[in-house]
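Work through the exercises below with the sequence and the structure in view. Each task is followed by a solution in steps.

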Amino acid sequence: MAQRFELHPVNPQPRLLRQAVQALQGGGVLAVPTDSSYALVCHLDDKGAVERLRRIRGVDERHHLTLLCRDLSELAQYARVDNRQYRLLKAATPGPYTFILEATKEVPRRVSHPARKTIGLRVPDHAVTLALLQGHGAPLLATTLLLPGDDTPLNDAHEIQTRLQHELAAVLDAGACPAEPTTVVDLTPMGRGDDPVVIRHGRGALAALGLA
């Protein structure tokens, strides 16, 4: 049964965060709030948890999963970033953007795109999720909490707990999120001297990236 932790959205309680970290490290999949919508997260190196996350979301290995990172320095451990890409990342993080970048060897092959060897990365601007990342001490694998057959991401912690009570270890309830997915931008063309490509226009403004 999924636990529900009621957390302050700005100053989350350390005791509850520690319990959430324990659930992650025990192989659990969690629902967490972000600055775009609720997301499913799990331990990057836990094969069983990754498979369960994909099953809940209803996606296969061709679907880009995202690494949630604490900051840009951590992001750079998992993606190859040149100077042009870094300047764009710096202008837009933390924030509701997911960036597609070439994965480094630090990313397990099973979670990077099988054909392109790329990974989605983002630094969320939400105190609860950043505190969870800090407590966990490493990036988390994530995907938008959009269930098969639904048109919009789940946004209510009670509903998430009810619908996924047998699938999740915990729901971190910090109130409603914007319920709009991130803007997704593929930065890999920049490595060839080309312009970035907008894959999905979501909550993140394109003007902040100079792409409007």
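The model is predicted.

**Exercise 1.** Locate Arg 54 and find what its side chain reaches.

*Solution.* Step 1: Arg 54 belongs to helix 2, which covers residues 47–57. Step 2: Arg 54 is buried and has no salt bridge. Step 3: the nearest side chain of opposite charge is that of Asp 60, 5.8 Å away. A salt bridge needs the two charged groups within 4 Å. Step 4: the side chain of Arg 54 does reach the backbone oxygen of Asp 60, at 2.7 Å.

**Exercise 2.** Describe the two sides of helix 4 and what its buried residues pack against.

*Solution.* Step 1: helix 4 spans residues 83–92, and Gln 85, Leu 88, Leu 89 and Ala 92 are buried in it. Step 2: viewed down the axis of helix 4, these buried residues fall within an arc of 100°, so they line one face of the helix. Step 3: the face turned away from the buried side carries the exposed residues Asn 83, Arg 87, Lys 90 and Ala 91. Step 4: the packing partners of the buried residues are helix 3 (72–78) and strand 5 (97–102). Step 5: at the N-terminal end, Asp 82 caps helix 4, with a side-chain oxygen 3.2 Å from the backbone nitrogen of Arg 84.

**Exercise 3.** Carry out the corresponding analysis for helix 5.

*Solution.* Step 1: in helix 5 (residues 127–136), the buried residues are Val 128, Thr 129, Leu 132, Leu 133 and His 136. Step 2: these residues cover an arc of only 135° around the axis, which puts them on the same side of helix 5. Step 3: they pack against several elements, including helix 1, strand 2 (30–32), strand 4 (66–68) and strand 7 (140–144). Step 4: Gly 137 follows helix 5 and has a positive phi, near 80°.

**Exercise 4.** Which residues of the largest nonpolar core touch the most other members, and which element gives the most to this core?

*Solution.* Step 1: the largest nonpolar core has 44 residues, and those touching the most other members are Leu 67, Leu 75, Phe 99, Leu 121, Leu 145, Ile 160 and Leu 168. Step 2: among the elements that each supply at least two residues of this core are strand 3 (39–43), strand 6 (118–122) and helix 6 (157–163). Step 3: helix 2 gives the most, with 4 residues. Step 4: a second, separate core of 21 residues includes Leu 16, Leu 24, Val 128 and Ala 170.

**Exercise 5.** Is Gln 22 buried or exposed?

*Solution.* Step 1: Gln 22 is in helix 1 (residues 14–25). Step 2: the relative accessibility of Gln 22 is 56%. The cut-off for exposed is over 50%, so Gln 22 counts as exposed.

Note on methods. Residues are numbered from 1 along each chain as its sequence is written. This is a predicted model: local features need pLDDT of at least 70, side-chain atom pairs count only at pLDDT 80 or more; totals for chains, interfaces and linings use all residues. Side-chain values use heavy atoms; hydrogens and water are left out. Buried means under 20% relative accessible area, exposed over 50%, partly exposed in between (1.4 Å probe, protein chains only). The arc is that of the directions from the helix axis to the C-beta atoms. Contact means heavy atoms within 4.5 Å. A polar contact is a pair of N or O atoms within 3.5 Å; within protein, one must be able to donate a hydrogen and the other to accept it, and residues adjacent in sequence count only if both atoms are side-chain atoms. Lys and Arg count as positive and Asp and Glu as negative; His and the chain ends are not counted. A nonpolar core is a set of buried Ala, Val, Leu, Ile, Met, Phe, Trp, Tyr and Cys residues joined through side-chain atoms within 4.5 Å.
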